[in-house]
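Dear colleague,

Please find below the structure that I am handing over to you.

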Amino acid sequence: MQNRDIFVTIFFIMWTALSGYIAYQGFSELEVFLRARGWSKTKAQIISSEVVDLREPVRQDENNGAFKALIKYRFNVNGVMYQGDRFAIGYYGHDSQFEARQLRGTYA
């Protein structure tokens, strides 16, 4: 019975830590979203756009992994030039290369 109690305790601690991490990530994205609502809109110039394969190691099966549309742009706000590659809050990529290419095509 004592081994079971130790297992349950360890499982509970690990579950709590994982849940806390996931909640933290979610609240971080929410904070960015809330701050971004007050930003001024501006036009940007696309510098480059490509589809990046995030899989390690890279395999030939294009529908088995993660692909990200990496779109670099620059913009001017109040006379200050900025450069970035984030175009959506919470965007971490696509499961298929086709979807990532479609998104890239939107901004190419």
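The notes below cover the basis of the model, then its aromatic pairs, and then one serine.

This is a predicted model, in which local features need pLDDT of at least 70 and side-chain atom pairs count only at pLDDT 80 or more, while totals for chains, interfaces and linings use all residues. Residues are numbered from 1 along each chain as its sequence is written, and side-chain values use heavy atoms, with hydrogens and water left out.

Rings of Phe, Tyr and Trp (its six-membered ring) pair if their centres lie within 6.5 Å; planes under 30 degrees apart count as stacked, over 60 as edge-to-face and the rest as tilted. By this rule there are 4 aromatic pairs. One of them joins phenylalanine 11 to tryptophan 15, stacked at 6.3 Å centre to centre with 15° between the planes. Both residues belong to helix H1 (residues 2-36), 4 residues apart, or about one turn of the helix. Helices (H or I, at least four residues) and strands (E, at least two) are DSSP runs, numbered from the N terminus. Phe7, Phe11 and Trp15 make up one aromatic cluster.

Phenylalanine 75 and tyrosine 82 are also a stacked aromatic pair, at 5.5 Å centre to centre and 20° between the planes.

Serine 96 sits in the loop between strand E3 (80-84) and helix H2 (97-107). Its relative accessibility is 14%, so serine 96 counts as buried (under 20% relative accessible area; exposed is over 50%, partly exposed in between, with a 1.4 Å probe and protein chains only).

Yours sincerely
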